[in-house]
Amino acid sequence: MAEGDSKTTRATATKFGEGFLTDIWYFAALSSDLKPGKLQRYEILGEPVLLGRGRKGEAYAIRDICPHRAAPLSAGKLTAEADGRESVECPYHGWRFGTDGACTAIPSLVADQAMDVSKIRVRRFPVRESQGLVFIWMASDARGAGEPDYDPPVFPGVVGGKPKLVDRMDFDSHIDHAVVGLMDPAHGPYVHQQWWWRSSKSQHEKSKRFEPREQGFSMVRHEPSKNSRAYAILGGEPLTEITFRIPGLRWEHVTVGERQVLSLTCLTPLNAAKTRITQIVWSDHPAFWLLKPFIAAGARAFLRQDGDMVNLQNEGLRYDPSLLWIDDADRQAKWYQQLKREWAQSRREGRAFANPVEPAQLRWRS
């Protein structure tokens, strides 16, 4: 007896601006966000999710709706069964559910009322922790059947202990628009105009080499553009590689000799109209100790400028216009759409994912 959800599979739409990729890992939270015994409510892909950490330290996620009267389980409390297992107690009638989603008790039942409560379940979402990040597996089967068949990504450059910077912002945007805005190489001189970065008058022709990577692609390691002044604070001769991976992970790995900087941006769709952007930076470079307030202020400014542009773009998108994509500046956006289509098709057909991205040299002005 599963929770009341008539849908057995989640629609996996591949039309731009609609639907979500499934059978894939999404960034959910930082490990430090989950406190032992605390129940936290999230929304991911339009699903209410209770994300928590047991008192023994293990992270878990279940659907945040009690199948009895639809109260959010996250408003209840974490309790312990007689055998020591932990369970979540609903605040309405005290129904309890293990961290695996199985019902463990219905207090209103009396002794002679035979009912196998273990057949009642709420959906369980597999979670994995890696490098201080919590990933959640969003399966195509809305009942949560099936286990992940690969591990979450591992990122280069997670150095220097805890992140030096964490910033979050919710964009009023479908993840597709957020992703292509994130990877767009030509908007910088217009949206991000600061004296320490660049201006609309400081534009040069760029030529960058791209290669396919696991579930995505990378702008292979290169010297930063001369009109990107922010790299100057690192000194030396910095080299950078920028990688994108579906469903919405972008990271820039900078090396300056033996020192490293990793700037990771995670896009998590809360629902069809809102996407959470989480920016995380690690580094063992001394600049992040000396100039941390200035670097943090600059990163926040960038994120909010992008958010303002998303809101402005929404003025046009509400009329559902056709969008015009050009080469080479929009090639990454095209790759993203190809990656989405191939991922969805490969999962439907039960075969290995075949990366559609081919090596290319792209040119644009910015």
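Student: Let's start with strands. In E15, which residue is the bridge partner of Leu-239?
Tutor: That partner is Thr-255. Keep in mind that this is a predicted model. Leu-239 belongs to strand E14, which covers residues 239-245. Strand E15 covers residues 249-256.

Student: How many bridges join E14 to E15?
Tutor: There are 7, and the two strands run antiparallel. A hairpin of 3 residues links E14 to E15.

Student: What's in that loop?
Tutor: Pro-247 is found there, between E14 and E15. A cis peptide bond joins Ile-246 and Pro-247, with omega about 10 degrees. Most peptide bonds are trans.

Student: Which other residues are joined by a cis peptide bond?
Tutor: Asp-327 and Asp-328 are, with omega about 0 degrees. Asp-328 lies in the loop between helix H4 (292-317) and helix H5 (331-349).

Student: Back to E14. Which strand pairs with E14 over 5 bridges?
Tutor: Strand E13, residues 216-222, and the pairing is antiparallel. Here Gly-216 has Arg-245 of E14 as its bridge partner.

Student: How many residues of E14 are buried?
Tutor: 6 of its 7 residues, so the strand is mostly covered; buried means under 20% relative accessible area.

Student: New topic. What is the order of the open sheet of 3 strands?
Tutor: The order is E2-E3-E4, with antiparallel pairing. E2 (39-44) and E4 (59-63) are the edge strands, and each pairs on one side only. Neighbouring strands in this sheet are turned by 30 degrees against each other on average, direction ignored.

Student: How many bridges join E2 to E3?
Tutor: 6 bridges, with E3 spanning residues 47-53. As one example, Gln-40 stands opposite Leu-51 in E3.

Student: Now the inside. How many residues has the largest nonpolar core?
Tutor: It has 63 residues. Leu-133, Ile-136 and Tyr-336 have the most contacts inside it. Strand E1, residues 24-30, gives the largest share of this core, 7 residues. A second, separate core has 17 residues, including Leu-39, Leu-78, Cys-90 and Cys-103.

Student: What does Ile-136 touch?
Tutor: Its contacts include Ile-24, Trp-25, Tyr-26, Phe-125 and Val-127. That list leaves out residues up to four places away in sequence.

Student: And Phe-97, buried or exposed?
Tutor: Phe-97 is buried, because its relative accessibility is 0%. Phe-97 is found in strand E7, residues 96-98. Among the residues Phe-97 touches are Cys-66, Pro-67, Leu-73, Cys-103 and Ile-120.

Student: How far apart are Phe-97 and Glu-47?
Tutor: They are 50 residues apart in sequence and 18 Å apart in space, C-alpha to C-alpha.

Student: Last topic: backbone angles. What is the phi of Gln-131?
Tutor: Gln-131 has a positive phi of about 55 degrees, although it is not a glycine. Most residues other than glycine have a negative phi. Gln-131 is found in the loop between strand E9 (127-130) and strand E10 (133-138). Gln-131 is partly exposed, with a relative accessible area of 27%.

Student: What about the phi of Asp-320?
Tutor: Asp-320 has a positive phi too, near 55 degrees. Its place is in the loop between H4 and H5.

Student: Is Asp-320 buried or exposed?
Tutor: Asp-320 counts as exposed, because its relative accessibility is 67%.

Key
Residues are numbered from 1 along each chain as its sequence is written. This is a predicted model: local features need pLDDT of at least 70, side-chain atom pairs count only at pLDDT 80 or more; totals for chains, interfaces and linings use all residues. Side-chain values use heavy atoms; hydrogens and water are left out. Buried means under 20% relative accessible area, exposed over 50%, partly exposed in between (1.4 Å probe, protein chains only). Helices (H or I, at least four residues) and strands (E, at least two) are DSSP runs, numbered from the N terminus. Two strands pair if DSSP finds at least two bridges between them. A nonpolar core is a set of buried Ala, Val, Leu, Ile, Met, Phe, Trp, Tyr and Cys residues joined through side-chain atoms within 4.5 Å. Contact means heavy atoms within 4.5 Å. Axes are lines fitted to C-alpha atoms, for helices over the stretch in contact, and angles run from 0 to 180 degrees between N-to-C directions.
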